[in-house]
Amino acid sequence: MARAGLTGERLVRAGAELADEVGFEHVTVSALARRFGVRTASLYSHLENSRELRTGIALLALEELADRAADALAGRAGRDALEAFANAYRDYAREHPGRYAAARLRLDPDTAAASAGGRHAQMMRAILRGYDLAEPEQTHAVRLLGSVFHGYVSLEAAGGFSHSAPGAQESWAWALDRLDAMLRGRSAG
């Protein structure tokens with residue numbers, strides 16, 4: 001019998017909170033059961049296994065991140081759009097480190113296709129239309145920007161920029177300026 005008040009959605013949200021607290025790699029059905037003070041077996045009426053829980057957290061994170069990026073992009077173009085998009089990712093990663101890690105979970109093709117991941121790519125391509133890049137350069141640029149954003153926030157989260165001057169914010173602004181200049185230079189060529 002299902003415990004009153006527990007649903008798959010509630011468990012996924014609690015799992016996302018747990019991920020932010022202890023790290024996504026430590027989220028399991030048994031850890032979640034401990035959080036609710038119930039036996040692990042009682043959660044299996046809502047979740048098949050830890051993989052389903054972790055996938056649910058990844059889908060939630062992708063949706064939250066896409067919503068945040070869309071809100072940040074509203075009414076912006078060019079360099080402003082690039083910065084707003086990048087800052088939405090960086091801010092989300094700082095505020096929700098476990099969820100951000102979950103958003104990187106490898107999903108099966110059908111789940112990935114139905115996820116908010118496609119919205120992320122559409123927004124990135126919309127930003128790049130402002131730079132007038134044709135294919136295959138647009139795809140290369142999507143991959144480059146994603147790599148820079150993810151690499152920067154991952155290194156920053158690990159303390160990689162806390163040991164020297166200038167500060168991480170100054171380097172972030174510098175990186176965004178250089179990305180913008182590079183993209184503008186590619187559209188002219």
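Me: Helices are DSSP runs of H or I with at least four residues, numbered from the N terminus; between which two of them does the loop with P136 lie?

Reply: In this predicted model, P136 belongs to the loop that runs between α8 (117-129) and α9 (137-157). The peptide bond that joins E135 to P136 is cis, with an omega of about 5°. A cis peptide bond also joins A165 and P166, where omega is about 0°, and P166 is found in the loop between α9 and α10 (168-188). Most peptide bonds are trans.

Me: Why is D132 called exposed?

Reply: The relative accessible area of D132 is 60%, and exposed means over 50%, so D132 is counted as exposed. D132 lies in the loop between α8 and α9, and its phi is positive, about 55°, although D132 is not a glycine. Most residues other than glycine have a negative phi.

Me: What makes Y44 partly exposed?

Reply: Buried means under 20% and exposed over 50%, with partly exposed in between; Y44 has a relative accessible area of 41%, and therefore counts as partly exposed. Y44 lies in the loop between α3 (40-43) and α4 (50-73), where, leaving aside residues up to four places away in sequence, Y44 touches V29 and N49. Y44 and M123 are 79 residues apart in sequence, and their C-alpha atoms are 37 Å apart in space.

Me: Which residues of α2 are buried, and what do they pack against?

Reply: V29, A31, L32 and A33 are the buried residues of α2, and they pack against α1, α3 and α4. Just after α2, G37 takes a positive phi of about 70°.

Me: Why are α1 and α2 called roughly perpendicular?

Reply: The axes of α1 and α2 come within 10 Å and cross at roughly 100°; angles of 65 to 115 degrees count as roughly perpendicular, so α1 is roughly perpendicular to α2. In their contact, R10, L11, A14, G15, E17, L18 and E21 of α1 meet A31, L32, R35 and F36 of α2. By class, these residues divide into six nonpolar, one polar and four charged.

Me: How do you know that α4 and α8 are roughly parallel?

Reply: Their axes come within 8 Å and cross at roughly 25°; since angles under 35 degrees count as roughly parallel, α4 and α8 are therefore roughly parallel to each other. α4 passes α8 in a left-handed crossing. On the α4 side, L62, E63, L65, A66, D67, A69, A70 and L73 meet G117, R119, H120, M123 and I127 of α8, and this contact has eight nonpolar, two polar and three charged residues.

Me: Which residues of the largest nonpolar core touch the most other members?

Reply: F85, L128 and F149 do, in a core of 57 residues. At least two residues of this core come from each of α1 (8-22), α2 (29-36), α4, α5 (78-95), α6 (97-102), α8, α9 and α10, and α4 gives the most, with ten residues. Leaving aside residues up to four places away in sequence, F85 touches A69, L73, H120, M123, M124, I127 and F149. In soluble globular proteins, nonpolar side chains tend to be buried together.

Terms used. Residues are numbered from 1 along each chain as its sequence is written. This is a predicted model: local features need pLDDT of at least 70, side-chain atom pairs count only at pLDDT 80 or more; totals for chains, interfaces and linings use all residues. Side-chain values use heavy atoms; hydrogens and water are left out. Buried means under 20% relative accessible area, exposed over 50%, partly exposed in between (1.4 Å probe, protein chains only). Contact means heavy atoms within 4.5 Å. A nonpolar core is a set of buried Ala, Val, Leu, Ile, Met, Phe, Trp, Tyr and Cys residues joined through side-chain atoms within 4.5 Å. Axes are lines fitted to C-alpha atoms, for helices over the stretch in contact, and angles run from 0 to 180 degrees between N-to-C directions. Angles under 35 degrees count as roughly parallel, over 145 as roughly antiparallel, 65 to 115 as roughly perpendicular and the rest as oblique. A crossing is left-handed if the near helix is turned anticlockwise from the far one by less than a right angle, and right-handed if clockwise. Ala, Val, Leu, Ile, Met, Phe, Trp, Tyr, Cys and Pro count as nonpolar, Asp, Glu, Lys and Arg as charged, and the others, Gly among them, as polar.
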